[in-house]
Amino acid sequence: MVIGIIGASISGLIAGKRLAQAGHEVTVIEKNRSLGGRLATVNLDGMNLDYGISHFEAKTKTFQTFVDELLDEGNAKIWTEEFSLHDGENFYEVDPNADVENHYISPKGMQSIARDLSRWVDVKSQEKAGGLTYIGPDRRKKRSWMINLTDISVFECDAVIIATPAVEAYGVIQTSQNRTAARRIIRVIDEIKYDRSFALAATFDQEVPDWKGIVCEHSPLKWIGNESSKQEESEQTGLLIQSTTEFFRKNEEVDDETVIEQMLEEAAKVVGPWAHQPKSTYLHRWKYFRALNPVNEFFMELEMEDAPLALIGDYLGGNSLENAFVSGYNLAEYWINKYSTVTA
């Protein structure tokens with residue numbers, strides 16, 4: 001089959017890799033220049049800082065197998081087993097409320113994981129999917145679906161996978177001409193709500209702190225990550241400062257400079273006054289960072305034999321990076337078995 005995947009998230013990329021390995025022709029359509037969704041990395045002053053997901057855990061055999069492959073390739077390593085805690089007044093070297101477990105990172109930056117997965121598929125970056133057109137069983141030489149791109153061009157394919165946040169998936173699938181069949185999916189994903197957050201990456205002329213990351217309570221911030229501790233050696237400090245959803249809501253219309261100033265002020269209360277004087281900063285606004293009410297399904301499928309369509313992502317089966325991976329992986333395995341005799 002010719003398969004079009006909308007969204008270069010880890011869900012879309014692992015599904016694309018598995019389906020391509022099985023002999024299908026896979027193209028990933030991504031609206032941004034960079035790949036990976038929340039696997040996002042920015043380089044400031046020669047240092048990679050992860051401003052999306054800063055670390056991940058492995059709880060399932062499927063994902064642990066993938067992580068083991070990353071470890072063997074040098075594209076992942078164990079960062080720490082425990083993080084610190086700031087409860088609004090006091091700093092604790094170890095968060096007493098958290099379980100001890102391996103927290104993994106990529107020493108090359110989280111986005112390198114996405115780039116590695118993308119080698120198995122064709123990628124159309126900076127191309128936005130505006131909608132779908134269902135051709136139907138009497139298509140003759142045409143394929144089942146047309147993905148309508150916002151530059152007025154189209155991508156024809158036999159099957160479609162939507163691997164975007166639920167809000168964006170809703171916008172694409174509701175354009176399908178077969179709305180009756182898609183009604184259940186539309187109704188479910190319309191209910192998904194998201195945690196929103198500012199992510200501030202910053203570098204400092206400061207000795208690297210001993211702690212790896214700080215969970216913040218009773219603060220406009222929820223996380224401060226010591227990104228420089230992911231490097232083998234570093235003469236400067238890099239931090240990733242993440243806000244709460246409440247702070248995002250209050251400051252959504254505020255300009256970047258003011259938001260950065262406020263976040264550094266709050267960070268200084270936790271790590272020290274040196275946080276007031278960054279060398280470089282980068283601010284990102286995450287509107288769909290983490291699903292608050294994920295669906296208890298690994299994937300959702302529009303059951304049309306002549307025109308397969310499915311939704312995958314980090315709002316299906318849970319809201320972690322691992323859940324997103326398992327969502328894409330499981331759909332790919334299901335389709336490999338279901339369409340193993342189908343040729344392009």
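User: What makes helix α8 a helix that lies across β1, β13, β19 and β20?

Analyst: In this predicted model, helix α8 (residues 321–338) lies across β1, β13, β19 and β20 (309–311), where contact means heavy atoms within 4.5 Å. Helices (H or I, at least four residues) and strands (E, at least two) are DSSP runs, numbered from the N terminus. The direction of helix α8 makes about 170° with that of β13, on a scale where angles run from 0 to 180 degrees between N-to-C directions, with axes that are lines fitted to C-alpha atoms, for helices over the stretch in contact.

User: How are residues numbered, and which pLDDT do local features need?

Analyst: Residues are numbered from 1 along each chain as its sequence is written, and side-chain values use heavy atoms, with hydrogens and water left out. In this predicted model local features need pLDDT of at least 70 and side-chain atom pairs count only at pLDDT 80 or more, while totals for chains, interfaces and linings use all residues.

User: Why are β9 and β19 said to stand at the edges?

Analyst: The open sheet has six strands in the order β9-β2-β1-β13-β20-β19, with mixed pairing, and two strands pair if DSSP finds at least two bridges between them. Because β9 (122–125) and β19 (300–302) each have a single partner strand, one side of each is left without a neighbour in the sheet.

User: Why is I29 called buried?

Analyst: Buried means under 20% relative accessible area, exposed over 50%, and partly exposed in between (1.4 Å probe, protein chains only). I29 has 2% relative accessibility, and therefore counts as buried.

Analyst: The place of N75 is in the loop between α2 (61–73) and β5 (77–80). Because its relative accessibility is 5%, N75 counts as buried. Leaving aside neighbours within four places in sequence, N75 is in contact with residues including L70, I105 and D116.
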